[in-house]
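Please open the model in your viewer and keep the selection tool at hand.

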Amino acid sequence: MKSMPDMDTAAWYALGVPLYVVYIALEVLVARRRRMRVFGFAETISNLTAGLGTLIIGLFVGPWVQRGWDLVHDRVAPFPWPVHGWWRLPAALLVADFCYYIYHRAGHRFGLFWSIHGIHHQHEHLNSSVGFRLEWLADPYAALFFGLMPLAGIDSTTGFLALMLLSIYALTAHSAVLSRPSWGIFVTPAIHGSHHSRDARFAEKNYGAMFGIWDRLFG
C-alpha cells in the first residue's frame, strides 16, 4: 500500500462535506418515496446551521490541530507506525473509534463536557441532518481525546482519513430510513437511535461511532 499524499485540513473538509450532502439528499429522497415525514424544515436548518458554525471554526482550528498532531507523532510517540501496510487504515479506524467512545462518554458523564455536547441532542426528529448538529467547539474539544491517536503512532494523514470515514459513518447512523445489519459488531441507525432516546434505559449507552464493542468491554 502506497503512502497517501499529505493534505491540509481544508482539503479534508472539501472531500468530506460533499459526501455528507449526498447522503442527506439520498435520505430525503427515500423518505419522500416512502411518504415518511422525517425532516422538518426549521429543525433541519437549525441542524445544518450548527454544523456550519462547527465547520467554520474547524477551518481555523484545524491547521493547529494538525500541527500538534504532527509534533506529537514525530517527537513524542514511542512507536510510529510503518509508512506502508494494508492494515494501517483499519487499525486507525479502530483506534479512532475507541477515542470517540471516550470522547462521547465523557460528553455525557461530565457537566462541563455535556454543556458542549448537549446541543447534539436538542432535536425533535432523528435524521441524518442531526449528525451535522455539532457543537461549535467540537474540534478543539475532541482534540483532547483524539490526541491518543498520534501518541499511538498514527500519522496525521492516515489519522485524518480515519476520522473523516468515522464521521461519515456516524452521520449515517442517524438515518431514520436507511437501515443496515450490525453483524454483531457495527453501530446501526437502530442502535444509535436508542442512544438518542429520551428513555433513560437506552440514552446513556451506545457511545461508539462505528463499533459496538466498547460498551461491552467497559460495561
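Is Arg35 exposed or buried? Select Arg35, which counts as exposed because its relative accessibility is 81% (buried means under 20% relative accessible area, exposed over 50%, partly exposed in between, with a 1.4 Å probe and protein chains only).

Before going further, note that this is a predicted model, in which local features need pLDDT of at least 70, side-chain atom pairs count only at pLDDT 80 or more, and totals for chains, interfaces and linings use all residues. Residues are numbered from 1 along each chain as its sequence is written, and side-chain values use heavy atoms, with hydrogens and water left out.

Colour the chain by pLDDT, the predictor's confidence in each residue, from 0 to 100. The protein chain averages 85, and 92% of the residues score at least 70. Among its elements, helix α6 (residues 148-151) has the highest mean pLDDT, 95, whereas helix α9 (residues 200-203) has the lowest, 69. Helices here are DSSP runs (H or I, at least four residues), as strands are (E, at least two), numbered from the N terminus.

Return to Arg35, in the loop between α1 (9-33) and α2 (41-75), and inspect its backbone: phi is positive, about 55°, although Arg35 is not a glycine. Then select Trp183, in the loop between α7 (156-172) and α8 (189-195), which has a positive phi of about 50° and is not a glycine either. Trp183 counts as exposed, because its relative accessibility is 67%.

Next, select α2, whose 35 residues reach 48 Å from first C-alpha to last, close to the 51 Å expected at 1.5 Å a residue (the expected span is 1.5 Å times one less than the number of residues). At Val61 this helix bends by about 45°, and Pro63 follows within four residues; the bend is the angle between axes fitted to the seven residues ending there and the seven starting there.

Within helix α2, pick out Leu59, which counts as partly exposed because its relative accessibility is 39%.

Finally, show Arg88 and Asp155, whose side chains meet in a salt bridge at 2.7 Å, N to O (a side-chain nitrogen of Lys or Arg within 4 Å of a carboxyl oxygen of Asp or Glu). The pair links distant parts of the chain, with Arg88 in helix α3 (residues 88-109) and Asp155 in the loop between α6 and α7, 67 residues apart. Arg88 is buried at 6% relative accessible area, and Asp155 is buried at 18%. The structure holds one salt bridge.
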